[in-house]
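The following exercises concern one protein structure.

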Amino acid sequence: LVNDTRINANQNGGISAFNKIGVYNGKDKNGEQRPSMFFDIVAFGRGAELLRDMGKKGTPVSVSGRYNQSCL
């Protein structure tokens with residue numbers, strides 16, 4: 001995790017958790033460092049509770065789910 005997790009509560013008492021992950025891409029065949037990639041993540045329900053409780057900057061995580069990309 002790149003940041004500490006940010007939490008938002010909704011009107012029904014549920015929570016959403018927001019953070020950003022950094023993905024290390026290693027080196028290419030010539031030994032050159034590949035650029036890392038960064039992704040915003042959002043979790044709901046139980047996933048949001050876990051991020052709230054353990055989502056501190058530097059914590060390694062595994063993420064699964066749907067990926068959406070938008071170009072601004």
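**Exercise 1. Locate N68 and decide whether N68 is buried or exposed.**

Solution. Begin with the position: N68 lies in the segment after helix 1 (45-54). Helices (H or I, at least four residues) and strands (E, at least two) are DSSP runs, numbered from the N terminus. The model is predicted, so local features need pLDDT of at least 70 and side-chain atom pairs count only at pLDDT 80 or more, while totals for chains, interfaces and linings use all residues. Residues are numbered from 1 along each chain as its sequence is written, and side-chain values use heavy atoms, with hydrogens and water left out.

Next, apply the cut-offs: buried means under 20% relative accessible area, exposed over 50%, and partly exposed in between (1.4 Å probe, protein chains only). N68 counts as exposed because its relative accessibility is 61%.

**Exercise 2. Describe the setting of S16 and state how far N68 is from S16.**

Solution. S16 is found in strand 2. With 14% relative accessibility, S16 counts as buried. Contact means heavy atoms within 4.5 Å. Not counting residues up to four places away in sequence, S16 touches R6, I7, N8, A43, F44 and A48. Finally, N68 and S16 are 52 residues apart in sequence, and their C-alpha atoms are 17 Å apart in space.

**Exercise 3. Determine how strand 2 pairs with strand 1 and with strand 3.**

Solution. Two strands pair if DSSP finds at least two bridges between them. Strand 1 (residues 6-9) pairs with strand 2 in the antiparallel sense over four bridges. Within this pairing, R6 stands opposite F18, and the bridge partner of A9 is I15. The two strands form a hairpin with five residues between them, and G13 in the turn has a positive phi of about 90°.

On to strand 3: strand 2 and strand 3 pair in the antiparallel sense over eight bridges. Here the bridge partner of S16 is F44. The loop between strand 2 and strand 3 holds P35, which is exposed, with a relative accessible area of 64%. P35 and G47 are 12 residues apart in sequence and 28 Å apart in space, C-alpha to C-alpha.

**Exercise 4. Identify the residues of the largest nonpolar core.**

Solution. A nonpolar core is a set of buried Ala, Val, Leu, Ile, Met, Phe, Trp, Tyr and Cys residues joined through side-chain atoms within 4.5 Å. The largest such core has eight residues: L1, I15, A17, I21, I41, A43, A48 and L51. Two or more residues come from each of strand 2, strand 3 and helix 1. Strand 2 gives the most, with three residues. As for A43, its contacts beyond four places in sequence are I15, S16, A17, A48 and L51.

**Exercise 5. Characterise the largest pocket and its lining.**

Solution. On a 1 Å grid over the protein atoms alone, a pocket is an open set of points where a 1.4 Å probe fits, with protein on both sides within 12 Å along at least five of seven lines; lining residues have an atom within 4 Å of a point. About 720 Å³ of space lies in the largest pocket, a volume being the space filled by probe spheres set on the points. Of the 20 lining residues, the closest to the centre are D40, I41, V42, V63 and R66. Strand 2 (15-23) and strand 3 (37-44) are the elements that give two or more residues to the lining. Strand 3 gives the most, with seven residues.

Notes: Ala, Val, Leu, Ile, Met, Phe, Trp, Tyr, Cys and Pro count as nonpolar, Asp, Glu, Lys and Arg as charged, and the others, Gly among them, as polar.
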